[in-house]
Amino acid sequence: MLGLLKGLEITAAHLFRKKVTVQYPEERRRLPERSRGLIRLRLKDDAATPRCIACTFCEQVCPSVAIKIIYDEKRADKVWRFDAGAGPMLSFLNRGEKPVGIAPWPQDAAEAPSRGCIASSLIDAGELTEQLLEGLALKNGAWVSQVFSIATYYDQLGPGAPRPGEAPPAPAERATMEDCPQILLTNHGGVDPKSIDAYAGAGGYSAATKIITETPPSGVVEEIAQSGLRGRSGSGFPTGRKWQVAAETLARQKYIICNAEEGDPGSFKDRILLEENPHSVIEGMIVAGYAIGASQGYIYISKDNRLAVERLRGAIDQAEDRDLLGTELPGGFAFSLEVVEVPKTFMGGEETAIIATLEGKRPMPSVRPPYPAEKGLRGMPTVVENVETLAAVPWIIKNGARAFNQIGAPNAPGTKLFTLQGAVGKPGVYEAFMSTSLKKLVAEVGGGFKGEPKAALVGSAGGGFLSPGLFDIPLDYDSLREAGGDLSSGTITVLGADECVVDVARQCLAFFTRQSCGKCVPCRLGTWRLLDIVDRICRDPGAGDLELARTLAEDIQAGALCGLGRASVRPLLTGLKFFKEEFTAHAAEGKCAAGKCGKR
Amino acid sequence: MSNGTSDRPNTLPPVRISGTGAPVKLSINGREVMAYEGDTILEAAKSVKIKIPYLCVIKGLEPFGGCRLCIVEVEGEERPVPSCATQVREGMVVITDSEELLRLRKTYLELLLSDHNAYCLPPCKYGCPTNVDIPAFIGLIADGDYDESQRVLKENLPFPAIVGRVCPHPCEGVCRRDEVEEPISIRLSHRFVGDVAIEKGFKPEQPAAATGKRVAVVGAGPAGLANTYYLALKGHSVTIFEALPDTGGMLRYGIPEYRLPKRVLNAELEPLWAMGVELKTGMALGPDFSLDDLLGEMGFDAAFLGIGAHASRAMRVEGEDLQGVITVVDFLRDVALGSPPDVGDKVAVIGGGFSAMDAARVSKRLGASEVTVFYRRTQKEMPAHELEVKDAMEEGVRFSFLVAPVRVEGKDGRVDGMICQKMELGEPDASGRRRPQPVPGSENLVELDTIIPAIGQMPKLTYIDVKKEEECTIFPEEGGVACTRWQTIEINHKTYQTGRPQVFAAGDAVSGALTVVAAIGGAKKAAWAMDAFLRGEDMAAYEAALPELEKPPMISIPAYRDKKEARQMTPQLPVPEREGNFLEIDRGFSEAAAGVESRRCLQCICEGVESCKLRRYSIGAGLMKEEGNRFAGVQHLYGRDTTHDFIQRDPNRCIDCARCIRVCKYVTGSGVYDFTGRGAGTIVTPPFDRSLNETDCVSCGRCATLCPTGALFMKERQLVNWHLDTSRCIFCADCVEVCPVESLAITPAFELATPSHEDLHCNLLDMARGPDLNPAGACQKDHAPRENEDHAAKQYQKDVHGGETALKREQDKQ
């Protein structure tokens, strides 16, 4: 009975409770706020076209792979056609058949070697395959596109790619001009370049050890500034000022880079210094490192200079043994050196391009400011110096700034190495005062002119022509710049009567056209188009070509990004300045007195 | 853009840009500017709206400095410095727009254009009065899609087979392929498509729903027929009134059969009659009806005057009214009507235009043994196309240049000769042609049977009133349709309205005797205006909103192809077989030849034309096509990558600004692109020329949005289907979160949250479009909203059913 009542009680209680069931679909339940239903597509306001742009993001993001989107390319009113007359995408991949060579590196990506930077990792490769490049990218923590870019920059891709070879032989003659102190060519003929003892015996490394124990870094910078030493790479920037900026910039790490690329065709002075006197360069770097507070130095050099690389590595090993280089040196100073070998290029010798290369980027110059001395390699203050500049440093420390400042020209003290070639009796590398004239140089050490000289190209492909009337101006930065030329690497090519100035200017331009890094418009396209015009002047001149060549060359010089870009038109512009008749004869009458040009 | 000195107060820019240092003061273009240390010159200039052009800067990334357009002069600096990288200094004096800088920028832009193997807009399209989309229809011939090709053509040019036979092709004169070797045969390609369309009987365009408006078109010439075509397409009911016994105007009664066979003319006009256009022949404006009749008792809503230029210009020499002197219009019309006049043996045609050539060649076919064309200038100045002249010469027509008639000699009221005078060329006149001057004492007599003067035509705005037998003008009323002093109808050249708002006019009647294609171009635009008028639009507003019909600027990009491909020729009827008959001479392209010819087309079109910075700066620097490019030469020619779903890549348009490289590497981290090669051949591309699909591209599209040219471009696509597997969906709504265009939402209907077991796949697009489109399936069973409709549910209703609720439908049912 009780049980029955209990049952009825439950029934009665529930009778008056709110009903759970609803009369679906007439009656709807209220859903909680965060309930979710099926996905739906929204339409545009016209209630017909979907908003969806078929981007497939939802398809990609769906965790349960429930979405599949089918789309079509929109064919609007316009009908576009794309491949009318299109050719192969890039020419360099079509040099020959697909490579079948065996790669010298293990195919496994993880085992691809790394040599510090991508550019130097490339040089061992016989045949670069896609797999290898991907391995390289993985190993170096770079993008494949980056490695590919650098490989094509160095022309290291494809079956026809030039392999690193032997550098052309340097001329044998060396001499120092009379009355000129031997600052750079000290070791020539006498001391064994492979022996540190021989170098130390001749007073080497005394400068480095002297300053580390006696002079504070600021004193060294002061000494170099007072010596008036200017960069020997061509720009002629005062070395002391550069060091000062780097020394005064606060940073936990600073770098010193020796630029031994020597891209100028026909220049041999850096190579000779490194081959015959590597220790002087190393000593110069130690001094520079001490002065600016750098503990790491790099020597950036082309792989082709095999002997120089070998001697440098030997010298560095010996210096490390003697505790002259290393991370823990006596006196609390630390300085390590590394040789970075890269494939041979011209633009790779530009200081910001060197920094980019060492950072694993494509060797392209970057805009300045900031200058490398403030913000260079890996964002740190970096001093980039030419081999010759560094080789002069130990002498200055040993003999004092005053001694150095008193020799040579007042605004360009010291001695300079000149590579003399062309129509002279004894082509070679000579040390002379900067104030020496070409006439004197050739007469005293160069063995005299062969025949009547027609012109001289001072500063290799990026330098300027001198007419015989200007052979007695001093060969320093400022005098040459005044004449429209540039000292550059100090390479002097004397042209005989049978040479054509227009043709030489054209060859210089052709060199730059091939070497341009492709970054800025004036250099990439300007030199290419200018070469076309100069080619026309040589072959089949049209009216106004000469004037067009001059304007374009001036515009390139005004706007190119780096010094090398600006240098590209210097032979042409100085040629037009000093040998106008010769250019006019080509352009107006189609005549080449030397018989070098003509319809080809 | 001289900014000069300004009265603006020297206040600091309100927002720091990138500089973080102390405020500095500098001068830009003589104007004092405040900025912060660390700002670049470019940023400082931007803050005061001084514009410096640049192509490679990306805000927020390190300066690149490659384009060299942002160079500025800074006092104390040896040479211009890039403003994107140079930071401001106290007291800096900057010049951004000196002559020297403008010249340098122009040179660099010209260099960029010299290796930009692409073009923005097709010059041919803007060279043609009808603005027909030539690259598109030629591209479609190359694809073999002739149906689509004729559709594209007829959008702007309704009679390709006719125009493709008779047009003097101004388009070919501006074709860029000419810079490579020879222009594309655009005219014959038109004709090919038109012929194929007739032969295969492609379905003509369907007219829009009838509007109920009635239009009278006076004159069934090229202008009237084109006008009719576009009006009829818009759904208006058109009646054509024609004075002559058949349609075509000059096409039928001026152009001889051997150039334009009547069967082609008839066939091409078929679509008109299929659209229900009414034709009334033998009805001439003036004698038979007036404009008042048309708009009044005949009940037309608008009228179009395409009455052409059928009156011949007089020679103004003595003896012109002798028998045997027959004007070219009358002569050609009589021949077309089947009653050719007896021309005798010796015929002289005076003039050097198209009709002169026609008259000479027709005379030859009628049996004249000696036909001579007298022209007062030299062959070089002849208005007729050189091929026409060549053909006439081949057929034995003789030419006598630098000769003008002085007097017509007659006997018994009939011509028997003409006295001519030698001429010599003097100074150029207003048209640029050298004006001929008579050589005194050089008159001589030529024996002749017939003289056909063909020295120009003009509209015939008068008629002989049959009742009064006197000459009357066809527009007698005051303040209505007016005439210019050249005896042409005066119109508003944008709305094509005459003095009477309901009356429109175009063609030769407005312009004087011109080409067929010019008449069609005008008549088409008149049809658009008439459509607006008939729809009751405000014509002043229409005129104001009309896009500038002028030619857009064409910049100086030289055309280049490494291979020269000769222009395709068409077979011609051999000269001996032409004698005494009117068989068509030109046989047209074969399918193969049309294909080859169409693939020569350079496709001068670019999707990026509106956003292209290179184009904008080039126009600003005055680098125009007419002036040519000083650095034209060999160019690079690359293939296109259209394989990627989103981004299409055309390296031909790339200017190596490296924006894509930098944004891809340093912003999105994918590193898809980089420079490749060295020297002039440097180009930005993915490694190994891979398709973008094979790279790490995440399809973010930032490269495409940053590209200053059309080298990288976002593709557009449209949704076909949006499938959802309801058995898999976990209702996480991640897809709703990621949708960039808010295209996805969640249904508030909980029933749909339960997977159906009847059909697991549903197409959301069909669902969204409503029940009518949705085939019976589980998904559509019930997606009515909750009773208490909140906003979202309302939106859902609107989206899903176009406003009609399920509930309402149910109510309707009951």
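Two strands count as paired here if DSSP finds at least two bridges between them. I kept that in mind while looking through this predicted model.

**Entry: a strand pair**
I began with strand 4 (residues 255-260) and strand 5 (residues 296-302) of chain A, which pair in the parallel sense over six bridges. For a landmark, I noted that A:Ile256 stands opposite A:Gly297 in strand 5 of chain A.

**Entry: the sheet**
Next I looked up the sheet itself. It is an open sheet of four strands in chain A, with the order 6-5-4-7 and parallel pairing. Which strands stand at the edges? I found strand 6 (336-342) and strand 7 (382-386) of chain A there, each with a single partner strand, so one side of each has no neighbour in the sheet. Ignoring direction, neighbouring strands of this sheet are turned by 20° against each other on average. I also saw that helix 12 of chain A packs on the sheet, where it touches strand 5 and strand 6 of chain A. The direction of helix 12 makes about 165° with that of strand 6 of chain A.

**Entry: two helices**
Then I turned to helix 11 (residues 278-292) and helix 12 (residues 306-321) of chain A, whose axes come within 9 Å and cross at roughly 55°. That angle is why I call helix 11 of chain A oblique to helix 12 of chain A. Their crossing is right-handed.

Methods. Residues are numbered from 1 along each chain as its sequence is written. Chains are lettered from A and ligands numbered from 1 in the order in which they are written. This is a predicted model: local features need pLDDT of at least 70, side-chain atom pairs count only at pLDDT 80 or more; totals for chains, interfaces and linings use all residues. Axes are lines fitted to C-alpha atoms, for helices over the stretch in contact, and angles run from 0 to 180 degrees between N-to-C directions. Angles under 35 degrees count as roughly parallel, over 145 as roughly antiparallel, 65 to 115 as roughly perpendicular and the rest as oblique. A crossing is left-handed if the near helix is turned anticlockwise from the far one by less than a right angle, and right-handed if clockwise. Two residues are in contact if their C-beta atoms, placed from the backbone, lie within 7 Å.
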